[in-house]
Amino acid sequence: IKPMATNANSLKEETEVTILFADVVGSTRLYEVLGDDSARETVQRCVEIMKDATEYYGGSVIKTVGDEVMSTFPSADDAMNAGSQMQQRITNNDSLVDGDVRVSIRIGCHFGPVVVEDRDIFGAAVNTANRMTSQAKAGQIITTTVTVDQLSGEWRTLVRQIDSLPVRGLSSEEVGVFEVLWQPDEATSMLPAI
């Protein structure tokens, strides 16, 4: 962690972390179908699961806004472990189902430098992580080439490139977009037939 210019009220530090955004998909529909109280309770349960998984895998919850959690992790593996646990505990959770309404989340991840100031984080890496979340569909974990390069061999076997996107501000550069296969049956279906 590198300290940066400071004033009397705040300390800025620069560090490299894996940033993870997780949010509840279709929360507006939850409110329409379940009603305000039930939907709020369901979303709150999801947020608690996301926060618990973050802390369990050594991450820090930076902030929660409505149905979204932003966390940082010291390693990409920790972020993938947490993201996988979030997906398993929410997407496959029958107690979060009400009639025809299934609850799911989408997750975006990116490893890179951030500026830490007043218990919040800033920088291009945060924007890239958030952009990965907007690329994710319900039940997906989406990440970048830079993050995949940080993963251990075990996690690397569970990613597949699905796209590449231009990076804002860098007209000639693109970022590889990868899906992380967190369900065992997804990973098995990727294996070549023998």
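Is D23 buried or exposed, and what is its relative accessible area? I looked it up: D23 is buried, at 8%. I use buried for under 20% relative accessible area, exposed for over 50% and partly exposed for in between, with a 1.4 Å probe and protein chains only.

**Ground rules**

I am working with a predicted model, where local features need pLDDT of at least 70, side-chain atom pairs count only at pLDDT 80 or more, and totals for chains, interfaces and linings use all residues. Residues are numbered from 1 along each chain as its sequence is written, and side-chain values use heavy atoms, with hydrogens and water left out.

**Salt bridges**

I searched the whole structure and got 5 salt bridges. The criterion is a side-chain nitrogen of Lys or Arg within 4 Å of a carboxyl oxygen of Asp or Glu. I followed up several pairs.

R106 is partly exposed, at 24% relative accessibility.

Next I checked E179 and R160. Their side chains form a salt bridge at 2.6 Å, N to O. This pair also links distant parts of the chain, with E179 in strand β9 (residues 170-180) and R160 in strand β8 (residues 159-167), 19 residues apart. E179 is buried at 6% relative accessibility. R160 is partly exposed, with a relative accessible area of 35%.

Then I looked inside a helix. K51 forms a salt bridge with E48, and the closest N and O atoms are 3.6 Å apart. Both lie in helix α2 (residues 36-56), 3 residues apart, about one turn of the helix. K51 is partly exposed at 23%, and E48 is partly exposed at 33%.

D77 sits in helix α3 (residues 76-91). Leaving aside neighbours within four places in sequence, D77 contacts Q150, L151, S152 and W155. Contact here is heavy atoms within 4.5 Å.

**Strand β7**

I noted the side-chain directions in β7 (residues 141-144). I141 and T143 point one way, I142 and T144 point the other way, and all are buried. In a regular strand the side chains alternate between the two faces of the sheet. β5 and β7 run parallel, joined by 2 bridges. Two strands pair if DSSP finds at least two bridges between them. The bridge partner of G108 in β7 is I142.

Where is D118? I placed D118 in the loop between β5 and β6 (120-122). Its phi is near 50°, a positive value in a residue other than glycine. R119 is in the loop between β5 and β6, with a positive phi near 60°. Most residues other than glycine have a negative phi. D118 is exposed at 54%, and R119 is exposed at 77%.

Terms used:
Helices (H or I, at least four residues) and strands (E, at least two) are DSSP runs, numbered from the N terminus.
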